[in-house]
Amino acid sequence: MSSSVASIRQTAGRGAARAAAHKRGLGPSRRPGWVTYALLVVFLIASAYPLYYSLLLASSDSATIAQNPVPSLIPGPNLIDNLQRVLGSDIGFWHAVLNSLIVAVITSVSVVFFATLAGYAFAKLRFRGRRALLVFIIATMAVPTQLGVVPLFIVMAKLGWTGTLTAVIVPGMVTAFGVFWMTQYLEAALPYELIEAARVDGCSMFRTFWHVALPAARPAAAMLTLFTFVASWTNFFWPFVVLGSSNPTLPVALQLLQASYFKDYALIMAGVVAATIPLVVLFVVAGKQLVSGIMQGAVKG
Amino acid sequence: MATTAATPTTSTAGPPPPDSRRTRLRNLRGKIDVKLSPYLYISPFFILFAIIGLFPLVYTAYVSMHDWHLIGGQGDFVGLANYVDVVQQPRFATALRNTFSIFLLSSIPQVITAIVIAAVLDANLRAKTFWRMGVLLPYVVAPVAAALIFSRLFADQSGMINALLGYIGIDPIRWHSDAFASHIAIASMVNFRWTGYNALIFLAAMQAIPRDLYEAAVIDGASRVRQFFSVTVPLLRPTIIFIVITSTIGGLQIFDEPRMYDQYGLGGADRQWMTVTMFLYELGWGAQKSFGRAAAVAWLLFLIIVAVGLINFTITRRIASSGAAHPKGGAR
């Protein structure tokens, strides 16, 4: 097997290995054919078209939508008009935007802070029961907590929190996934020498965390912020149950919009567009980070 | 070190050298700091999980054994009456059937498509980042928004899908009134959002597969397709298990998409797409306002999820490991 690409790589360097692999049509170094790109293009169209479709409808009007089941590929002239109607509707759309923003920002900051704190402890500090507790946290990810809605609602009602954002924010303030994510990152990224140096300099445990661990955790914290923000922005079930129609977040407002204007598709789709644009902007700016975040840890939800 | 800085302020103290007492105190405080801090740092998660995770699940069982009204509050202890009542309602069976149907229609095609897309993304593409970002785009669309878009695409009358089917000579499908068709439509919303996401997870796992395994396969004369089934798929086993488990937990609790599939949110005239979580919501917050029954449904669904999770785990293990001989797969 002296001619295998791996051995060429060792004996003659990477370039030669790549050339050899290329000649033999081997694996990753070969440029894929058009079938590959065709598959990807089809999948991409399926991924992007529904969003574009909502934009097409949101820029149209009810009569046109009723006449043409397949909308023309060029957006109509009414997008601004429809958006204004959504924002001016009695749903309180601006209120919902603000609510969603408040919930998403507070939740993200809180998750990142508490997850980094716990992740630092699990990754770098020694204490009894460390492994068992970490395993426990990972195991809780498999618990379908959504099924606790009834008692959770009873508790929130007792506290007088139903209908307030507090009821949505507090349950999401720290997540098992976040702790797991930060533990993994800090284990690899934070050298013990830095912690020891800070301790020798007389830093308390918390100061060490604040000045050494927190800065080191920044890249992973940024990704965790993104995922938490998206999850919070798109969350529907619990806000729907606990908030009610007077103080909605955006997904709840969309449900209200659908319930009261179900025949006005241009209006509903304008609502969809308005609720989705912020995340699409986030995606354009930070999509790369989202991709590498998903690929770095098996992230889900 | 810091102790020297503290000395001047303590010079007035009596016989036991103030210095050492201070130092001892400081050492003690340092020790407590070291011992206690880790627990303090991890405590927020445990406190929150106890309050919003563990306690509600246990308390659900308690509520489920009482008459309990949304507004009236706790009533008499009724034992298992709520469970009996719920299980005997025909809607429970309907909800269970719908949930499983939608779950299967979303998870199986999704995992298969995701692996294929991952394999395609794993090729030596031009503009790699563009394609990877492209498949992730639907992830930022809220399920509620996706449901509104798809319910229009899948409209029974003058919907786009039916119009396109008409072009190729297929009669319109009743995407809302027909149960199975509505399940397909709802499953497609789930697939829309998660296929690309899962493809990226698979892609990461594929890139971790040592390339010399493929070389060995090539030398043994394996075609690309054979390489895929004999090397790639078996080595993806842990990832497949992970994705199947997470999609089981999420999929069986599905609520957003079916809730928004029409403007009434009850799951259709015959409840043809009502899921178990929708049934739970209707019992607790709908006309009946019976928290007792809603809690009973929650507990039943919890048990079902655990059972299905375990079954899935065993099946996936078997399927993925029967693929072929794989040198390193056994280590996991």
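Two residues are taken to be in contact if their C-beta atoms, placed from the backbone, lie within 7 Å. The structure is a predicted model, in which local features need pLDDT of at least 70, side-chain atom pairs count only at pLDDT 80 or more, and totals for chains, interfaces and linings use all residues. Residues are numbered from 1 along each chain as its sequence is written, while chains are lettered from A and ligands numbered from 1 in the order in which they are written.

By the contact criterion, B:Thr316 touches B:Ile240, B:Ile241 and B:Val244, leaving aside residues up to four places away in sequence. B:Thr316 sits in helix α14 (residues 291-321) of chain B. Helices (H or I, at least four residues) and strands (E, at least two) are DSSP runs, numbered from the N terminus. B:Pro238 is 78 residues from B:Thr316 in sequence, yet the two C-alpha atoms are 9.2 Å apart. B:Thr316 has 19 C-beta neighbours inside 10 Å and therefore counts as partly exposed. A residue is buried if 20 or more other C-beta atoms lie within 10 Å of its own, exposed if 12 or fewer, and partly exposed in between.

Helix α13 (residues 276-285) of chain B is mostly covered, with nine of its 10 residues buried. The buried set of α13(B) includes B:Met278, B:Phe279, B:Tyr281 and B:Glu282.

Helix α9 (residues 211-219) and helix α10 (residues 224-235) of chain B pack with their axes 10 Å apart, at an angle of about 140 degrees. Axes are lines fitted to C-alpha atoms, for helices over the stretch in contact, and angles run from 0 to 180 degrees between N-to-C directions. α9(B) and α10(B) are therefore oblique to each other. Angles under 35 degrees count as roughly parallel, over 145 as roughly antiparallel, 65 to 115 as roughly perpendicular and the rest as oblique. The crossing of α9(B) and α10(B) is right-handed; in such a crossing the near helix is turned clockwise from the far one by less than a right angle. α9(B) contributes B:Leu213, B:Tyr214 and B:Ala217 to the contact, and α10(B) contributes B:Gln227, B:Ser230 and B:Val231. This contact has four nonpolar, two polar and no charged residues. Ala, Val, Leu, Ile, Met, Phe, Trp, Tyr, Cys and Pro count as nonpolar, Asp, Glu, Lys and Arg as charged, and the others, Gly among them, as polar.

Between the chains, the contact takes 86 residues from chain A and 85 residues from chain B. Helix α2 (residues 18-64) of chain B gives the most to the chain B side, with 19 residues. That side divides into 63 nonpolar, 15 polar and seven charged residues. The predictor gives the complex an ipTM of 0.86 and a pTM of 0.86.

Chain A contains 15 helices and zero strands. Of its 301 residues, 44% count as buried. For chain B the mean pLDDT is 85, and 90% of its residues reach 70 or more. Over residues 1-15 of chain B, pLDDT stays under 50.

Technical notes:
pLDDT is the predictor's confidence in each residue, from 0 to 100.
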